[in-house]
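The following note sets out points on the fold, the sheets, the core and some individual residues.

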Amino acid sequence: MPIATLRRCLSITSLGLVVFAAGCAGGAKKPDAANELPQGVIDIPAANQVVGRGVAVVGWAIDDQKVDRIDIYVDGHFRASTTPSVHRPDVLKAMPKYAHGADDTVGWQTAIDLGDEPGPHVILAQAVDSSGATRDLGPVTVVMQK
Ligand SMILES: [Ca+2]
C-alpha cells in the first residue's frame, strides 16, 4: 500500500489505537483493464426537437458484459434512471458481438420532466456497465415550448 494511502487510511486514536478509515480495509476496486466501456445512442428526442415539459427519452446501450443502468441528466443535473428493458434486434443484428442471450434487451426508455424553464435544455444519458464504467450518450439539445 503506498505511503499516501496509508496516511489517509490509518489514524491513531487518543487511546493509542490504530484504526483503518472506512473503505480502506479492502482497498478501492481497481478498474478492469479488459473491460470495454458501454456504448449506445439516444434515438429520441432528436436534436433541436421542439418539445413540451414532459419528454420521452429512448435509446439503446450495449456492453461487453452488461449495462446495469442508464442515468439521464438534464442541463447537467441528474433527473432519472432506467434499465435496458426493450428488445432491439436491429441493434444486436448490427453488433452481434454484444448479444448475450435469448432474452437480450439493449433498448431503454424513460420519461423526464424538463422543469419550468422554457427554451433550450441539454439531455445527456450515461450508460453504466456492471463494473461501474460509464459512457456519455448524446448530449441532445431540445427546445421546450411554454
Ligand atoms: Ca463493460
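1. A residue is taken as buried if 20 or more other C-beta atoms lie within 10 Å of its own, and as exposed if 12 or fewer do. On that criterion, 20% of the 146 residues of the protein chain count as buried. The model is predicted, and this should be kept in mind throughout.

2. Overall composition. The protein chain contains two helices and ten strands. Along the sequence these elements follow the pattern α-β-β-β-β-β-β-β-α-β-β-β. Among contacts in the protein chain with a separation of 6 or more, 58% are between residues 24 or more positions apart.

3. The five-stranded sheet. Five strands form an open sheet in the order E4-E10-E9-E6-E7, and their pairing is mixed. The edges are strand E4 (50-51) and strand E7 (77-82); each has a single partner strand, so one side of each is left without a neighbour in the sheet.

4. Pairing of E6 with E9. Within this sheet, strand E6 (residues 67-74) and strand E9 (residues 119-129) are antiparallel and share seven bridges.

5. Pairing of E9 with E10. E9 is also joined to E10 by nine bridges, again in an antiparallel arrangement. Pro120 stands opposite Val143 in E10. The hairpin of E9 and E10 has four residues between the strands, and Gly132 in this hairpin takes a positive phi near 90 degrees.

6. The three-stranded sheet. A further open sheet consists of three strands in the order E3-E5-E8, with antiparallel pairing. The antiparallel pairing of E5 and E8 comprises seven bridges.

7. Surroundings of Gly54. Gly54 stands opposite Asp113 in E8. Leaving aside neighbours within four places in sequence, Gly54 is in contact with Ala111 and Asp113. Gly54 and Met144 are 90 residues apart in sequence, while their C-alpha atoms are 9.2 Å apart in space.

8. The nonpolar core. The largest nonpolar core has 20 residues, and those with the most contacts inside it are Ala61, Ile62, Ile123 and Ala125. Strand E5 (54-62), E6, E9 and E10 each supply at least two residues of this core. The largest share, five residues, comes from E5. Among the residues with the most contacts in the core is Ile62. Not counting residues up to four places away in sequence, Ile62 touches Pro38, Gln39, Gly40, Val67, Val91, Met95, Tyr98 and Val106.

9. Cis peptide bonds. The bond from Ile44 to Pro45 is cis, with omega near 5 degrees, and Pro45 is found in the loop between strand E3 (39-44) and E4. The bond from Gly138 to Pro139 is likewise cis, with omega near 5 degrees. Pro139, however, is found in strand E10 (residues 134-144).

10. Positive phi outside glycine. Asn48 is not a glycine, yet has a positive phi of about 65 degrees. Asn48 lies in the loop between E3 and E4 and counts as exposed, because it has 10 C-beta neighbours inside 10 Å. Asp75, also not a glycine, has a positive phi of about 50 degrees. This residue lies in the loop between E6 and E7. Asp75 is partly exposed, with 15 other C-beta atoms within 10 Å, a number that falls between the limits for exposed and buried residues.

How values were computed: Residues are numbered from 1 along each chain as its sequence is written. This is a predicted model: local features need pLDDT of at least 70, side-chain atom pairs count only at pLDDT 80 or more; totals for chains, interfaces and linings use all residues. Two strands pair if DSSP finds at least two bridges between them. Two residues are in contact if their C-beta atoms, placed from the backbone, lie within 7 Å. A nonpolar core is a set of buried Ala, Val, Leu, Ile, Met, Phe, Trp, Tyr and Cys residues joined through C-beta atoms within 7 Å.
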